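Trainee: I want to learn how to read helix packing. Please take me through an example.

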Amino acid sequence: MAQVAGNLQRIHNGVRRYAITPRIPAGFVQPAMLQKIINVANELHATLKITGSQRIMITNLKAEDVDKAWAMLGMEPAYMNSNRVRSVKICPGTTFCKRAKQDSVKLGMQLEKKYISKEMPSKMKMGVAGCTNSCTESITKDIGVIGTVSGWQVYAGGSAGAHPRFGDLIAEVTTEKEVLDLVDRMVTFYKENAHIERMGEFIDRIGLAAFKEAVLGDDYVANAADEEVAQEPEVKLPGQGNDGIGTENGATRVQAGDPITENSLIRDIIEAYPNTIPTFQSIGMGCLGCPSSTMEPLWQAAQIHGVDVNELVSKLEDVRKGA
Ligand code: SF4
């Protein structure tokens, strides 16, 4: 069984605590599974937290209890760290919900089984809803699917959090197989052509028309909405640089050839020096495709991960200089 170390939580007075999150496809949890989670919480004095991804996080664990917790659970982790498919949120659909128009559980489970923890250029979330109420917030997922009376709407490029973006409607199709085929083409195209960037950033960079043309092939028919998005003028906010990236939290920009300092913006470091990525991962910073974490200066990431910023700068400088 695949296992992952615990995820470091906020450090209080130098004391480190960890969280683990077992895999619970679609959020359907059987009583026996729930009992195991309760047993872990009771025996290891952990706290349980219901997450937004239909899971139960077991947090406040001591480092020495992480392996024991996994052994007691006998469950898979929800996802592997770093840039991978993190979640497939699935609504009850025609299995349970009176409003459902499509079987979101059947389709969602197929997507979950096929893609969960699969490596991607950045983190990826999916959502599958059985009707346009979209209780899974599918339009804010990197890949979102919504059931309608006549079939399915397939969206790409949604995200929430610090950089919210509504997904773009890529196509309306009739069958589950058409959804699965289209998702497969979108994922393949994204994996082969994206930098370290979320699906929405990728679409914004290449243009919606180009994305749809690539994934729909002969079925692609250009429309005004595609062109509008592709040519949307960049809106700059106060404190943003020429590329729209903010530097208001004390971060300084870095280009290839520049030294790395404690104030260097992480996103710039990994773009200018991609060979530093393993060094970031070695301090537990597996979320390098997450815009919020890479928009931090180095000192802030060091603080969050409980490492000495001077040591981290020194290690990164060694990598940069090829030492
Ligand atoms: S999205 Fe529709 S089908 Fe799914 S739970 Fe919500 S109301 Fe029910």
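Trainee: At what angle do helix α12 and helix α13 pack, and how far apart are their axes?

Mentor: Keep in mind that this model is predicted. Start with the two axes. Helix α12 (residues 298-305) packs against helix α13 (residues 309-321) at about 120°, and the axes are 9 Å apart. An angle from 65 to 115 degrees would count as roughly perpendicular. At about 120°, α12 is therefore oblique to α13.

Trainee: Which residues make that contact?

Mentor: List each side. α12 gives Leu-298, Trp-299 and Ala-302. α13 gives Val-309, Leu-312 and Val-313. Next, sort by class: six are nonpolar, with no polar and no charged residues. For handedness, α12 passes α13 in a right-handed crossing.

Trainee: How do the axes of α1 and α2 cross?

Mentor: Helix α1 spans residues 31-44 and helix α2 spans residues 66-73. Their axes come within 9 Å and cross at roughly 150°. Angles over 145 degrees count as roughly antiparallel, so α1 is roughly antiparallel to α2. The crossing is right-handed.

Trainee: What is the class make-up of the contact of α1 with α2?

Mentor: Residues before classes. On α1 the contact uses Lys-36, Ile-37, Asn-39, Val-40 and Leu-44. On α2 it uses Lys-68, Ala-69, Met-72 and Leu-73. That contact has six nonpolar, one polar and two charged residues.

Trainee: Are α4 and α5 roughly parallel or antiparallel to each other?

Mentor: Read the angle. Helix α4 (residues 104-115) and helix α5 (residues 176-193) pack at about 30°, with axes 11 Å apart. The limit for roughly parallel is under 35 degrees, so α4 and α5 are roughly parallel. α4 also passes α5 in a right-handed crossing. Leu-107, Gln-110, Leu-111 and Tyr-115 of α4 meet Glu-176, Val-179, Leu-180, Val-183 and Val-187 of α5. By class, this contact holds seven nonpolar, one polar and one charged residues.

Trainee: What is the mean pLDDT of the protein chain?

Mentor: The mean is 87, and 88% of the residues reach 70 or more. Over residues 232-240, the pLDDT is below 50. Beyond near neighbours in sequence, that stretch has seven contacts in the model.

Key: Residues are numbered from 1 along each chain as its sequence is written. This is a predicted model: local features need pLDDT of at least 70, side-chain atom pairs count only at pLDDT 80 or more; totals for chains, interfaces and linings use all residues. pLDDT is the predictor's confidence in each residue, from 0 to 100. Two residues are in contact if their C-beta atoms, placed from the backbone, lie within 7 Å. Axes are lines fitted to C-alpha atoms, for helices over the stretch in contact, and angles run from 0 to 180 degrees between N-to-C directions. Helices (H or I, at least four residues) and strands (E, at least two) are DSSP runs, numbered from the N terminus. A crossing is left-handed if the near helix is turned anticlockwise from the far one by less than a right angle, and right-handed if clockwise. Ala, Val, Leu, Ile, Met, Phe, Trp, Tyr, Cys and Pro count as nonpolar, Asp, Glu, Lys and Arg as charged, and the others, Gly among them, as polar.
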